[in-house]
Amino acid sequence: MKHRDNQAEWTAIRSMIFSGTRRTALAVSVAAAAVLGSGLAVSPALAQQNGGTFIKVIENEPATLDYLFGKDFGALTTMTNIYNNLMTLDFEFTPHPELAASWEISPDSLSYTFTLRDDVTWHDGTPFTAADVVFTFSELTCAMHNRAKTWCPRVESFSADGDHTFIIKLKEPFAPLLTILADYNSGTLIRPKHVWEGKVDQDNPQLTEPKVGTGPFVFSEWVRGSHIALVRNDNYFKPDLPYLDRVVIQFLPDEAGRLAALENGDIDMIHSYILPYERVKQYQADPRFDIIEHGNEATGTNENLLMNHDNPYLQHKAVRQAIAHALNKDDIAEAAMFGASKAAHAHVHSGVKWVYFPQYDYPHDPAKANEMLDAAGFPRDDDGKRFDLRLYWAFGRAFEGRAAEVIRSQLAEVGIGIEIQSYDRPSFIERVFTKRDFDMAHQLFTTSPDPTLSVVHRYKSSTIGNAFANAAGWVNEEYDRLTDIEVTITDVAERAEVWRQVQEILMDELPANPLFGMPNMQLVRSSFADVITGPIGYNGSVEAAYMK
């Protein structure tokens, strides 16, 4: 009942503040609609100028509108439309200019010099300069962002040479630097120095009303409990962009409510992490919607089966490998994701092609699993049972519960009993990562856009006891050594070879077993195009989106 009340409120608000939204946002929108209604074709060029409102839905209202403080993905969804990075990534993870017009790397790979655009202004009319970039990295990103510790200690200095030259000097070569600078998940969106300086705290008005950015849209309002609204930046530095007049980020925590809003035409997009996978085939057959199968390449998320190496059974590598042989990952993926996902065969997602090495995975072979368990000294008893293990998963991800049921069935075939237990997320984190009081557990891990940022710390011996890191309690000196040196290798082929060795070790030792990749799917109303134009996920800017 509460949702219905909220939905009714939203429908009324939508009607009032957006003046009929997509149908009557601008006179040109009305004219285009009339042409469409007449059955005449509309050229892409005309369609891309029609204005309109695009409504994205997120599952939770953010605490703030800056990812540095709130760490909410809802904040990112807003920020990427208000701010810009120095560069962007294409689907091959190649960097392209954005606020930086060009850059040069010194022969020793220790100095990066960026020539900035000279035609960019902040939303309040203040010119954008290199001082803003220096301030962002020195006072915000490196001082406050979680990922900063992976690369900021390698920086000797950030500096400006005039208004349009920004320089980074490194202490040692660092291969992923450009990828980091292009990835807004790393806290590298550039903020205005004149608004933040002296106010780097949670009282800064930019956290609740980020009115000063360089991006394609300008902050309009945040209606608590309902939505965030952004409007077109008419002075955006990219010619002709954006095409939309408004972007709305609506908060709907209830899945049934989201689906009802979608069916009613009140939202235009449901992102991959909250997409009801059991309905994918239905939506694919519905002309009102498009399933976009790209846009998450730079998060590259795998579902993993964590294994505690302190367990008296799992401490034996042969047992862990036998479990790997006993699992049919194709069946697990099918049951968990209703056919929307594929089995994972490496600790790096298949979308990160330059470091994807699937050849070390274990073929489904229950007979071999039984042989290995017998040889390891764990024979079946009179009831056919060898031993029991606990398998944990956290509420909120029903697909993990479905996967757990399949795993229980498959391991029963080789004499291993599984007790499934589920917990709320805080309790799960405490049991699995802090106390390490578990046997096996389900956990999603991102693996890209660069494995240094997203894979290395998961299994480092130094990260045991940290949240979302090394729940296995695994210590491997060669892994630690290789992951210390790979980051300094700037030749892609040489670095990939080190990562091949790293993944061979991970699959041999199995601190975790990758089960299936998260589907790369976004559900979008078919009246919109170019909603997803880059690999860094559904939180990205919709500056190129337009009404067909």
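Q: Why is G187 called buried?
A: G187 has a relative accessible area of 5%, and buried means under 20% relative accessible area, exposed over 50% and partly exposed in between, using a 1.4 Å probe and protein chains only. So G187 counts as buried.

Q: Before we go on, what kind of model is this?
A: It's a predicted model, where local features need pLDDT of at least 70, side-chain atom pairs count only at pLDDT 80 or more, and totals for chains, interfaces and linings use all residues. Residues are numbered from 1 along each chain as its sequence is written, and side-chain values use heavy atoms, with hydrogens and water left out.

Q: Where is G187, and which residues does G187 touch?
A: G187 sits in the loop between α7 (177–182) and α8 (193–196); helices here are DSSP runs of H or I with at least four residues, strands are runs of E with at least two, and both are numbered from the N terminus. Leaving aside residues up to four places away in sequence, G187 touches T141 and H145, where contact means heavy atoms within 4.5 Å. The C-alpha atoms of G187 and L262 are separated by 31 Å, with the two residues 75 apart along the chain.

Q: What makes C142 and C152 a disulfide?
A: Their sulfur atoms are 1.9 Å apart, and a disulfide is a pair of cysteine sulfur atoms within 2.5 Å. That pair passes, and the search of the whole structure finds one disulfide. C142 belongs to helix α6 (residues 130–144), while C152 is in the loop between α6 and β6 (155–160), 10 residues apart.

Q: Which hand does the link of C142 and C152 have?
A: Left-handed, with -75° about the S-S bond.

Q: Why do C142 and C152 get their accessibility labels?
A: C142 comes out at 24% relative accessibility, so C142 counts as partly exposed. C152 has a relative accessible area of 12%, and therefore is buried.

Q: How do you know whether S109 and L510 are buried or exposed?
A: S109 has 13% relative accessibility, so S109 counts as buried. L510 is at 0% relative accessibility and therefore counts as buried.

Q: What makes a set of residues a nonpolar core, and how many residues has the largest one?
A: The members must be buried Ala, Val, Leu, Ile, Met, Phe, Trp, Tyr or Cys residues joined through side-chain atoms within 4.5 Å. The largest nonpolar core has 110 residues, and those with the most contacts inside it are L86, F114, W151, F166 and I168. A second, separate core of 57 residues includes I55, I270, A369 and L510. As a rule, nonpolar side chains in soluble globular proteins tend to be buried together.

Q: How many cavities of 30 Å³ or more turn up, and what makes something a cavity?
A: The search of the whole structure finds two. On a 1 Å grid over the protein atoms alone, a cavity is a set of points where a 1.4 Å probe fits but cannot get out, and lining residues have an atom within 4 Å of a point. Grid points are joined across faces, edges and corners, and the volume is the space filled by probe spheres set on the points.

Q: What lines the largest cavity, by class?
A: Three nonpolar, six polar and one charged. Ala, Val, Leu, Ile, Met, Phe, Trp, Tyr, Cys and Pro count as nonpolar, Asp, Glu, Lys and Arg as charged, and the others, Gly among them, as polar. The lining includes N302, H347 and R458.

Q: And by class, what is the lining of the second largest cavity?
A: Seven nonpolar, one polar and one charged; L306, P511 and A512 are among them.

Definitions and conventions
On a 1 Å grid over the protein atoms alone, a cavity is a set of points where a 1.4 Å probe fits but cannot get out, and a pocket is an open set with protein on both sides within 12 Å along at least five of seven lines; lining residues have an atom within 4 Å of a point.
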